[in-house]
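Subject: Structure for your study

Dear colleague,

Please find below the structure for your study.

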Amino acid sequence: MLDNVMRQFNNAADIIELNKNIRKILEVTNNEFIVHFPVRMDNGEVEIFTGYRVQHNNALGPYKGGLRYHPTVDIDAARALAMWMTWKTSLAGLPYGGAKGGIQLDPTKYSQDELQRITRRFTYALGDNIGPELDIPAPDVNTNAQTMAWILDTYMSTKSPNERSKNLHVVTGKPIGAGGSEGRDRATGYGVFLTIKFWAENKKVDLKNKRFIVQGFGNVGYWAAHFLEKEGAILTAVQDAYGSIYNEDGISTEKLLEYVQANKGSILGFSGANTMDSADFFGLDCDICIPAALGNQITVENAPKIKARLIAEGANGPTDVKAEEILLKRGVDIIPDILCNSGGVIGSYFEWLQNRNGEIWHLDEVLEKLEKKMRESFGKVVHKAKSKKVDMRTAAFIIAIERLEETYVQRGIFP
């Protein structure tokens with residue numbers, strides 16, 4: 001992923017002839033933290049865990065980015081994801097920089113109590129390297145609102161009683177009762193849906209009866225499918241970490257969610273679809289493909305098999321650079337991750353603002369503001385792509401980098 005993000009950055013930087021000194025700043029991270037910490041397991045044994053937090057750039061505001069719990073988490077993955085967050089927040093016009101992190105573990109191997117102790121000890125290990133005006137974590141792969149509530153409580157517990165209420169916005173994506181925002185749970189998936197909707201409007205395409213497939217049926221994949229189904233689109237296949245299912249007549253998003261929640265998160269065995277070979281998933285006949293799982297899923301091996309007209313990147317970095325070249329030559333449209341899944345960080349920004357200002361917004365207000373923000377970003381990317389005669393990803397990177405360049409030019413570089 002790090003190689004991908006650097007090639008994407010360099011491509012856009014070359015096109016706009018980015019100032020060489022600013023380029024030097026943006027191609028490296030500001031801060032990188034690796035913490036090793038002990039946690040007592042349910043059986044009384046102590047395990048040592050490794051956690052990461054990378055802060056890429058804060059020229060536009062506090063660092064912002066998710067925390068993921070996954071065996072693939074390492075320093076390079078955190079660097080790549082932190083860089084993508086910088087471009088994502090810049091493109092969205094938010095007063096944030098980019099950060100990312102997590103813990104290298106498989107959460108399915110630990111109990112809920114163990115995950116709570118791991119999370120709290122990780123938060124304590126990070127200490128004042130996160131903070132409501134410094135670096136604001138959010139949920140990511142295998143983390144959720146409950147994870148954020150544990151981080152919030154641990155972080156606030158380290159502050160004096162009269163300072164605790166000032167730190168409610170140290171994390172976003174919290175449960176409603178712990179200072180979370182209505183709509184934050186669906187913000188990323190709703191944003192993916194919105195970009196597909198805007199693409200359809202731009203291409204004069206009717207989404208009704210359009211067939212779509214989703215890789216990853218977590219928070220992002222579910223909500224994207226939920227809203228597309230409401231528009232009359234038909235979900236025909238889903239893939240997760242356990243396998244793939246297919247039904248050419250359509251899969252009910254809500255029934256699949258009920259099944260997944262009752263079966264430890266797995267889609268396999270769902271009666272409304274048949275199991276299929278996961279190697280054939282991306283080659284299925286469909287109109288829209290939504291990769292909403294992990295990075296590097298669309299590769300040079302499977303890109304030639306893709307039949308979808310549109311790829312909407314719900315995940316971060318799901319398409320390899322060389323695979324993208326193949327797809328673009330074949331006329332496949334790609335809504336890039338830093339635009340497509342930016343609804344999550346925009347929703348987080350709304351939550352952060354509410355906490356900061358002591359306000360509570362209703363769901364319809366949040367979704368209305370989110371749609372307005374994402375429509376604005378989408379319009380800018382389409383316009384830039386046409387004016388520069390480039391693909392949407394390159395256009396999105398150009399917009400993000402130009403905003404940062406302008407900031408450095410205006411402020412200068414200390415000392």
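In which loop is the place of Ser342? Ser342 sits in the loop between helix H10 (337–340) and helix H11 (343–357); helices (H or I, at least four residues) and strands (E, at least two) are DSSP runs, numbered from the N terminus.

Before going further, please note that this is a predicted model, in which local features need pLDDT of at least 70 and side-chain atom pairs count only at pLDDT 80 or more, while totals for chains, interfaces and linings use all residues. Residues are numbered from 1 along each chain as its sequence is written, and side-chain values use heavy atoms, with hydrogens and water left out.

**Ser342**

Ser342 counts as buried because its relative accessibility is 2%. Buried means under 20% relative accessible area, exposed means over 50%, and partly exposed lies in between (1.4 Å probe, protein chains only). Leaving aside residues up to four places away in sequence, Ser342 touches Lys88, Asp337 and Met374; contact means heavy atoms within 4.5 Å. A polar atom of the Ser342 side chain lies 2.8 Å from the backbone oxygen of Leu339. Ser342 and Asn316 are 26 residues apart in sequence, and their C-alpha atoms are 10.0 Å apart in space.

**Domains**

The domain assignment of the protein chain gives domain 1 (29–171) and domain 2 (186–339); such bounds come from an automatic or database domain assignment. The centres of domain 1 and domain 2, taken over C-alpha atoms, are separated by 28 Å. Eleven residues of domain 1 are in contact with eight residues of domain 2.

**Nonpolar cores**

A nonpolar core is a set of buried Ala, Val, Leu, Ile, Met, Phe, Trp, Tyr and Cys residues joined through side-chain atoms within 4.5 Å. The largest one has 88 residues, of which Trp87, Ile196 and Ile290 touch the most other members. Helix H13 (residues 392–411) gives the most to this core, namely ten residues. At least three residues of this core come from each of domain 1 (29–171) and domain 2 (186–339). Among the residues that Ile196 touches, not counting those up to four places away in sequence, are Leu207, Ile290 and Ile335. There is also a second, separate core of 23 residues, which includes Leu67, Tyr69, Tyr110 and Ile130.

Strand S10 (residues 288–291) pairs with strand S11 (residues 310–312) in the parallel sense over two bridges, and the bridge partner of Ile288 in S11 is Leu310.

Thr236 has its place in strand S7 (residues 234–240) and counts as buried because its relative accessibility is 0%. In strand S3 (residues 63–69), seven of its seven residues are buried. S3 pairs with strand S4 (residues 97–103) in the parallel sense over five bridges, and Lys64 stands opposite Gly98 in S4.

Yours sincerely

Notes: A polar contact is a pair of N or O atoms within 3.5 Å; within protein, one must be able to donate a hydrogen and the other to accept it, and residues adjacent in sequence count only if both atoms are side-chain atoms. Two strands pair if DSSP finds at least two bridges between them.
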